[in-house]
Amino acid sequence: MRAHVLAALGVLKVATADQMHRLMAPGHKDNKAFRNACLDLARHGIAVSEGSTRDGNKLWNLTPLGLDAATEVLGRPVGEMGGTARGAARSGAPHAMAVNETVIAITRTPATATRPVPRQQPAPMAPPPTTATEQAPAPGLVLEPQGMGWVGSWSTEVPLSLPTSRGSRAGVRADAVLQAREAGLPVLFVEVDNCTESADTLGAKFEKYLRYFRLKSKNPLGSESPVWRTQYPSTGREGHPPVVVVFNPGIRTGPQALKNRMNTVMELTRLVWSGSYHVAGGGSGAEERDGYYDYADAIPLLFTTLDRLQTSGPRTAVWWRCGHGQWETLTDALTNTADHDAWYARDEQRRRQREEAEQRRQQEWAAERERWAQKLLSFRS
């Protein structure tokens, strides 16, 4: 249980016992074991509580000693762990709580049955089992929609640095980064919006993302490659890595106000996600104006809401990609529509149609020649 707490706080930075319970072991009856583990770690100077959420739940975070312990549990280098979130709990950490709920809603750790186990030395955390038998829910529990990744798939408060004349600075700090290759998602950057800042401020973040994704570095052979590829794997798709905004309006923002906010952000960021149009048609009429969108310098920008993720899970049609115009599954939302491949497919179809039309004309001409030949023979006879 202490290892569960160390892993959760090593990733989330600051969290309640209830959030750690739902992220790490939802099959447990309640969060009492997590509360006891937090108290035990606090006695050893590994965890500390410096405040509570606005609804009164105690918040926990790691000490520097605890951060070192979490590196052992998660199997991560110290340099990838980030800070200890000292002082964040004193204000109730509303944004961190929304980020935690997003991580929980996307991960959806299976509620496996639990039983007492012998005390043993904590080992590095491993991904949850993937077989149907191992993921069977505990008796009496409702089977939840499948999630993506596990606690070790996540990083939070990730700085994406931009070079300056004085070294480098964090151009933008991603709220969370998910790497779940087994779910077809090598990397996904996540921004959580509590709808407390202006739409202009939110939209400006994605221009910083674009500047970061455009950064190039030279490898030892002298060729250039994107800087982000030194930290994350290729997405396997054209363009920059995807970024999703998880809107969490709470009771502050009604449905129409949320819709207006999403539309405003979409318009403010159009140059970031729309790609560039190229005319490629060489025919006449509609063909002459036909073309495709080049997404090589575009960010796939997705929207969703926290309540949608919590209700339906991340593998259903809860994702709205800017430019697509409908709610889709994540796979469909990440597919580049109207790109060069789509144009090529249309062009191939037009080519086949022209060939079929030409073949029909040739057959009609041959039939017409045959009829004239028959008439000539009958005339001569």
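**Exercise 1.** Find which elements the buried residues of helix 2 pack against.

*Solution.* Start with the ground rules: this is a predicted model, where local features need pLDDT of at least 70, side-chain atom pairs count only at pLDDT 80 or more, and totals for chains, interfaces and linings use all residues. Residues are numbered from 1 along each chain as its sequence is written, and side-chain values use heavy atoms, leaving out hydrogens and water.

Step 1: locate helix 2 at residues 17-24. Helices (H or I, at least four residues) and strands (E, at least two) are DSSP runs, numbered from the N terminus.

Step 2: pick out the buried residues (under 20% relative accessible area, 1.4 Å probe, protein chains only). They are Ala 17, Gln 19, Met 20, His 21, Leu 23 and Met 24, so 6 of the 8 residues in helix 2 are buried.

Step 3: look for contacts (heavy atoms within 4.5 Å). The partners are helix 1 (2-12), strand 1 (14-16), helix 3 (32-43), strand 3 (58-62) and helix 5 (94-107).

**Exercise 2.** Work out how many residues the largest nonpolar core has.

*Solution.* Step 1: join buried Ala, Val, Leu, Ile, Met, Phe, Trp, Tyr and Cys residues through side-chain atoms within 4.5 Å.

Step 1: the largest such core has 55 residues, and Met 20, Leu 23 and Trp 319 are among those with the most contacts inside it. Helix 1 gives the largest share, 8 residues.

Step 2: a second, separate core of 31 residues includes Tyr 212, Tyr 232, Phe 247 and Cys 322.

Note on methods: Buried means under 20% relative accessible area, exposed over 50%, partly exposed in between (1.4 Å probe, protein chains only).
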